[in-house]
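User: Hi! Could you walk me through this one with me? I'd like to go over the backbone and a few side chains.

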Amino acid sequence: MEDHVEDDLQKALRMSMQYEPPEPKRSKDSPMEESPEVKNRRLQRELMAAAAEKRMAASAAVAKSGGSSSSGNVAKSVYLGGSEVKSEKVDECEPMVKEEKSSREELALEQAHQLFSMVFGNEVSKGILAQWSNQGIRFSPDEETSMGLVQHEGGPCGVLAAIQAFVLKYLLFFPQELVKDGPKTPIISVSKRLQETQDSATNLFGSLTEETKSRALVRSMGEILFLCGNNNSATIASLKVLDHEIEGKDQSTKDEIVARSLDGLSIESGDDLQKALKVTTFTSLSSAMQRLEEIIPIFRSRMGALLFLLSALLSRGLETVQADRDDPTQPLVTAPFGHASQEIVNLLLSGMAVANVFDGKMDLGGGMFVKGILTPVEVGFLTLLESLNFCKVGQSLKSPKWPIWVIGSESHYTVLFALDPRVQEENEFESRETTIRRAFDAQDQSGGGGFISVEGFHQVLKDANVNLPADKVNNLCSSGFIVWSEFWQVLLDLDKSLGGLKDSTGLMGKKVFDLYHFNGIAKSVLGGSGGETPVQRPRLTKLRVSVPPRWTPEEFMANVSLPGSSSGSGGGDGSGTKDAMAEVSKPEPAQHAPLVDCIRTRWARAVCNWEGDPPSIV
């Protein structure tokens, strides 16, 4: 009991230190007058700390007398934004973290202005606001792409693609969690069904029920928001006008009520946000998902993508988001086209609004550093910009837990996924290369430029257990820095017993597998079943990918298509086998599209084939 009370007091004291307004980067010596909102929040924290102290004193008296408190439950009311909010009765014997399963409040005006400015800046165009106010989180009505979220407006694709990646995770690999009241008999996942049958992906995706897809969406949204809240809490932003109107209604009625309520509603300023939003914070994932399920029609509405982005930012905490960023003065939605920034995508994938895609932190000298991805991720990210040498994606995003990646181009985000997690498995040689590359990247302070200092090189040799002959070490270090490509060629000629990758046969590691690419933007394509009438719908493309071994010398690869080439032999047929990781023995003609360049940043020298039009990443 005393431990609970002590935890209670510590919780209150911690809360009293949170949510302080951000300290200005350049401040004058003159004191600033405390705003009413800040004063109200300070008073709230003081009341909570005082309440914890009272409970501590009461429990000490009870323990001393050997009796029990007869006070039972207590009601609590606080003032938020100038209005009184009464909470439900709570058992004073329970620690505070247990008491507050959820808390609802209006967005303070100051916080609303900060949130709007953070997202859109101070000079946002009406066109960008319209894009973000007219994009719901809805599944495609087209049977072939029914597992995908459809996009009608440019701009919010980064939000939709990140949610889509998590939705696919549940649909493909966690079907058991999408059935109400959890069946006693195991359910075969879509991924396994596609591997074991001759049925096509479009047929199986088309057989998914609306309830299954809705549950996958709720699970995905809840997981992302809790990820943003450090897996401790999640904040859900909804609309005041719909706070109680849709409770208990069926789905079609809910959609109609939401559509009517949104008629004429626009978000063009922080004042509009403050008037429109109602925010609820949850410390229980199950409670948060229950709330999301209740109000999912609001997220299906035209305000859905924007509300989810605001929920993610509030879950992370506005001050924490700004601390994550390299340049917090720039809006998260970029001008002039209103695209989601890399910070938004990284927030939804990793829980941190960092601007970079490399692993860890990069020291710029003078006590300055920039942050990349600091933790492993469930779903990953690949970008066309890496193939153009504008950035370097780290292994955390390239090798996520599940074979699903958000694909970034110069102007759009799409999703790439595999049905078999084994596409990411490494054999002995690939694992060895990954170990050496990680050690090299840990010493690379060039921002992915691929070169390190002599001192760093010696550390790489030690960390990766590579025993280079002295003459080769001296040769590599002669210029004062070591380039990865030169080091790589030395490793290819170095025997395995010395920590190298020499493989005279070049036979190990050749493999072939299938990937699927989903572009949620609704584009004109010819109707199915031979129809000639163009229809607006997303597109799902199946690609056969052949990957030659990464460690083979160039002379062995003479007949294999290299990145950027438009033709060549691929080293794989991909026919007549159930094993998605079969060896490649028969060349096949290569096809090229910008997506192939993205794939090659993950699987070097991969050769891709597909039927029909090239997959589009724009």
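**Loops, a helix and one glutamine**

Analyst: Happy to. Let's start with Arg605, which sits in the loop between helix H23 (594–602) and strand S19 (607–609); helices (H or I, at least four residues) and strands (E, at least two) are DSSP runs, numbered from the N terminus.

User: Before we go on, what kind of model is this?

Analyst: This is a predicted model, where local features need pLDDT of at least 70, side-chain atom pairs count only at pLDDT 80 or more, and totals for chains, interfaces and linings use all residues. Residues are numbered from 1 along each chain as its sequence is written, and side-chain values use heavy atoms, with hydrogens and water left out.

User: Thanks! What is the phi of Arg605?

Analyst: Arg605 is not a glycine, yet its phi is positive, at about 65°.

User: And is Arg605 buried or exposed?

Analyst: Buried, with a relative accessible area of 9%. Buried means under 20% relative accessible area, exposed over 50%, and partly exposed in between (1.4 Å probe, protein chains only).

User: How about Asn231, where is that?

Analyst: Asn231 is in the loop between helix H9 (210–228) and strand S6 (234–239). Its phi is positive too, near 60°, in a residue other than glycine. Asn231 is exposed, as its relative accessible area is 56%.

User: Which peptide bond is cis?

Analyst: The one from Ala335 to Pro336, with omega near 5°. Pro336 is in the loop between strand S8 (333–334) and strand S9 (339–340).

User: Switching topic: how many disulfides are there?

Analyst: Zero, from a search of the whole structure; the test is a pair of cysteine sulfur atoms within 2.5 Å. As for cysteines, Cys228 counts as buried because its relative accessibility is 1%, and Cys608 is buried at 0%.

User: What does Gln274 touch?

Analyst: Gln274 is in helix H11 (residues 270–276) and is buried at 19% relative accessible area. Leaving aside neighbours within four places in sequence, Gln274 is in contact (heavy atoms within 4.5 Å) with Glu106, Leu107, Ala108, Leu109, Ala112 and Lys240. A polar atom of the Gln274 side chain lies 3.1 Å from the backbone oxygen of Leu107.

User: Last one: what span should helix H6 have?

Analyst: Helix H6 (residues 157–173) has 17 residues, so at 1.5 Å a residue it should span 24 Å, and its end C-alpha atoms are 24 Å apart, which agrees. That expected span is 1.5 Å times one less than the number of residues. H6 is also mostly covered, with 17 of its 17 residues buried.

Note on methods
A polar contact is a pair of N or O atoms within 3.5 Å; within protein, one must be able to donate a hydrogen and the other to accept it, and residues adjacent in sequence count only if both atoms are side-chain atoms.
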